[in-house]
Amino acid sequence: QVQLVESGGGSVQAGGAPRPPCAAPASTYCMGWVRQGAGTKREWLAYVTSTGTSRHLGSLEGRFTASRDNAENTLYLQMDSLKPADTAMYYCAAGDGSMCSASSDQYTYWGQGTQVTVSS
């Protein structure tokens, strides 16, 4: 069992740039971020492999960057130029396998989420 713990959410002004971390007890090959706004489906945002390969959702237009510190078993999501439409619960997730894909369905382990609310 891998327990993931996100933090660093909260209320942010539009244009803000929070960087919530996700702490994991151990490293897994694939870790990523998923968000879910009120009344919407889960949306995969990004993944980072333990070897440093990353991929991000294209519609983010480079505003979000996922990274990880393998020594600290911590995943980060740098969020820049936030918009009110980015308001959502942000989840850290990890997979058991040796591959990553651009899908939230691949993940076995999930954090409890951290709420980010963006005001204009």
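Q: Why is Cys30 called buried?
A: In this predicted model, Cys30 has a relative accessible area of 1%. The cut-off for buried is under 20%, so Cys30 counts as buried.

Q: What makes Cys100 buried as well?
A: Cys100 comes out at 17%. Buried means under 20%, so Cys100 gets the label too.

Q: How do you know that Cys30 and Cys100 are joined by a disulfide?
A: Their sulfurs sit 1.9 Å apart, and the pair has to be within 2.5 Å. With 130° about the S-S bond, this link is right-handed. It connects distant parts of the chain: Cys30 is in strand S4, Cys100 is in the loop between S9 and S10, and 70 residues separate them.

Q: What makes Cys22 and Cys92 a disulfide, and why is it called left-handed?
A: The S to S distance is 2.1 Å, against a limit of 2.5 Å. The torsion about the S-S bond is about -75°, so this disulfide is left-handed. Cys22 lies in strand S3 (residues 21–23) and Cys92 in strand S9, so the pair ties together parts that are 70 residues apart in sequence. Both Cys22 and Cys92 are buried.

Q: How many disulfides are there in the whole structure, and what is the pairing?
A: A search turns up two. Number the bonded cysteines in sequence order and the pairing reads 1-3, 2-4.

Q: What is in the largest nonpolar core, and which residues touch the most other members?
A: That core has 24 residues, and the ones touching the most other members are Leu4, Met31, Trp33, Leu45, Phe64, Leu77 and Tyr90. The elements giving two or more residues to this core are strands S4, S5, S7, S8, S9 and S11. S9 gives the most, with four residues. Another core of seven residues lies apart from it, with Cys30, Tyr47, Cys100 and Tyr107 among its members.

Q: Why is the pair of Phe64 and Tyr90 called tilted?
A: The ring centres are 6.4 Å apart, and rings pair if their centres lie within 6.5 Å. The planes are at 55°; stacked needs under 30 degrees and edge-to-face over 60, so this pair is tilted. Phe64 lies in strand S7 and Tyr90 in strand S9, so the pair ties together parts that are 26 residues apart in sequence. Phe64 and Tyr90 are both buried.

Q: What makes the pair of Tyr107 and Trp110 edge-to-face?
A: There are 90° between the planes, and over 60 counts as edge-to-face. The centre to centre distance is 6.0 Å. Together with Tyr91, these two form one aromatic cluster.

Q: Are Tyr107 and Trp110 buried or partly exposed, and why?
A: Tyr107 is at 7%, so it counts as buried. Trp110 is at 24%; buried would need under 20% and exposed over 50%, so Trp110 is partly exposed.

Q: Why is Ala66 called buried, and what does Ala66 touch?
A: Ala66, in strand S7 (residues 64–69), has 6% relative accessibility. Leaving out residues up to four places away in sequence, Ala66 touches Trp33, Ala46, Val48, His56, Tyr76 and Leu77.

Q: What makes Asp86 buried, and where does its side chain reach?
A: At 2% relative accessibility, Asp86 counts as buried. Asp86 is placed in the loop between S8 and S9. Its side chain reaches the backbone nitrogen of Lys83 at 2.8 Å. Beyond four places in sequence, Asp86 touches Arg35, Arg63, Phe64, Ser81, Val116 and Val118.

Technical notes
Residues numbered from 1 in each chain as written. Predicted model: local features only at pLDDT ≥ 70, side-chain atom pairs only at ≥ 80, totals over all residues. Heavy atoms only, no water. Buried < 20%, exposed > 50% of the residue type's maximum accessible area, 1.4 Å probe, protein only. Contact = heavy atoms within 4.5 Å. Core = buried A, V, L, I, M, F, W, Y, C linked by side-chain atoms within 4.5 Å. Polar contact = N/O pair within 3.5 Å; in protein donor to acceptor, adjacent residues only side chain to side chain.
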